Amino acid sequence: MAKQERGLRFQPTGGSKAPQVPTGKKQRLSIERLANDGRGIAFFEGRTWFVIGALAGEEVEARVLGAHGKVVEARTERVFVANQLRRPAPCAHAGRCGGCSVQHLPHSEQLALKQRMLAEQLSRVAGVEPEQWAEPLSGPEFAYRRRARVAVRWDVKTKKLEVGFRAAGSQDIVGINDCPVLVQPLQPIMSGLPEMLRRLSKPQALGHVELFAGSSLALLLRHMAPLSENDLSILKEFCAFHDAQLWLHGEGEPQPVDADQALGYRLEQWDLELAYRPGDFIQVNAGVNEAMVAQALEWLKPAADERVLDLFCGLGNFALPLAQKVREVVAVEGVQAMVERAAANAASNNLHNAKFFQADLSQPLADAKWASEGFSAVLLDPPRDGAFEVVRTLASLGAKRLVYVSCNPATLARDTVELIKQGYRLKRAGILDMFPQTAHVEAMALFEAS
């Protein structure tokens with residue numbers, strides 16, 4: 001799921017301290033423009049206000065969530081003058097739940113916002129724009145999320161178990177038993193989850209719940225104390241009713257209640273099945289993930305006699321489809337357990353030309369044996385902090401084509417600067433709408449050696 005970002009923080013430059021803006025205060029504001037994260041920006045009494053749920057040109061009443069020096073974070077409570085683009089929020093929990101921050105914008109406008117965010121980062125940080133902009137890669141705007149973490153907390157004062165999602169701008173939990181961005185098979189589980197959890201004998205010992213939908217449905221419960229036999233029976237009965245696997249996460253790694261259970265997801269275009277365990281990274285949007293892999297292969301244009309490098313390979317999401325097209329894939333990942341699962345996924349899909357290695361990819365590429373023969377093309381899909389140390393040495397591998405899949409336009413732009421220094425040019429770029437209803441931007445960029 002997309003990670004929420006805090007607003008800018010400025011240190012006071014001296015002089016008398018302005019009085020702090022109290023949390024909960026309501027203020028009428030005129031919104032001037034949108035920030036890169038989709039929040040409205042207003043200026044009032046020498047402070048910059050970032051307002052969740054507001055659009056440019058609107059007059060709103062905003063409630064303060066927090067203040068940091070000259071920056072105030074707030075959320076829209078009422079709209080007095082609306083932007084003509086505003087639509088009624090499709091979700092009943094809008095404005096309280098922190099999960100979907102731009103659902104008051106039509107989907108087409110959400111895509112335009114994300115496109116601007118990517119273009120601004122590339123222009124401002126790297127001073128470039130691609131030779132060609134790709135059309136946004138998107139799918140359904142609702143019922144797309146195949147994985148979700150549900151917050152669970154025992155309220156000591158009310159002696160009640162809270163179940164739902166984190167509130168906008170706070171650690172409060174918004175009670176939710178339906179979520180329009182969840183895939184349909186998870187909706188009945190989500191609806192029945194609060195009542196079932198409240199039947200357990202030690203609700204204060206419960207952590208969080210994760211829901212998964214792939215080749216199987218699954219529910220994982222994090223718990224800080226052993227479960228009684230009766231509690232275990234309640235959980236098993238609930239999962240059996242919903243035809244879902246039950247996984248428990250006490251001490252150590254998450255474990256299935258039935259030892260022969262396994263989770264997986266399919267890449268239909270390539271007739272591939274990838275196994276995973278709770279805690280492994282998988283893209284939450286199955287449709288956009290498959291379209292993303294197809295686009296990456298189309299841009300990379302791998303040939304049958306080529307050797308291709310896949311960095312930050314995870315479970316083999318890109319490596320396995322690539323292995324069907326080239327002579328050899330070398331796939332590298334920082335977490336040894338993921339390396340082992342990716343290798344097992346290749347073997348189970350009868351792919352023997354993919355080799356998997358562990359390496360710390362936050363550091364420059366070492367003189368590893370797997371890198372000694374060079375590569376025709378490189379694909380990399382790093383985490384939010386990007387791949388700065390890796391891209392600084394990519395030219396030495398001899399790759400003429402490079403596809404960079406990014407979940408953070410800021411670090412993509414930073415790394416683009418380094419790739420241009422190494423003689424690559426930015427041929428194509430576009431957004432991947434992995435998280436509709438949020439301002440989170442994923443992107444893909446194609447670089448070619450000059």
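**Exercise 1.** Which backbone oxygen does the side chain of histidine 249 reach, and at what distance?

*Solution.* The model is predicted, so that local features need pLDDT of at least 70 and side-chain atom pairs count only at pLDDT 80 or more, while totals for chains, interfaces and linings use all residues. Residues are numbered from 1 along each chain as its sequence is written, and side-chain values use heavy atoms, with hydrogens and water left out.

Step 1: the side chain of histidine 249 reaches the backbone oxygen of glycine 252 at 3.0 Å.

Step 2: histidine 249 belongs to strand 13, residues 244-249, where strands are DSSP runs of E with at least two residues and helices are runs of H or I with at least four, both numbered from the N terminus.

Step 3: with a relative accessible area of 19%, histidine 249 is buried (buried means under 20%, exposed over 50%, partly exposed in between, with a 1.4 Å probe and protein chains only).

Step 4: leaving aside residues up to four places away in sequence, histidine 249 touches Leu220, Leu221, Arg222, His223 and Pro254, contact being heavy atoms within 4.5 Å.

**Exercise 2.** Which parts of the chain does the aromatic pair of phenylalanine 212 and tyrosine 276 tie together?

*Solution.* Step 1: the count of aromatic pairs comes to four, where rings of Phe, Tyr and Trp (its six-membered ring) pair if their centres lie within 6.5 Å, and planes under 30 degrees apart count as stacked, over 60 as edge-to-face and the rest as tilted.

Step 1: phenylalanine 212 and tyrosine 276 form a tilted pair, 6.2 Å centre to centre with 55° between the planes.

Step 2: because phenylalanine 212 lies in strand 11 (residues 206-213) and tyrosine 276 in strand 16 (residues 272-276), the pair ties together parts 64 residues apart in sequence.

Methods
Polar contact = N/O pair within 3.5 Å; in protein donor to acceptor, adjacent residues only side chain to side chain.
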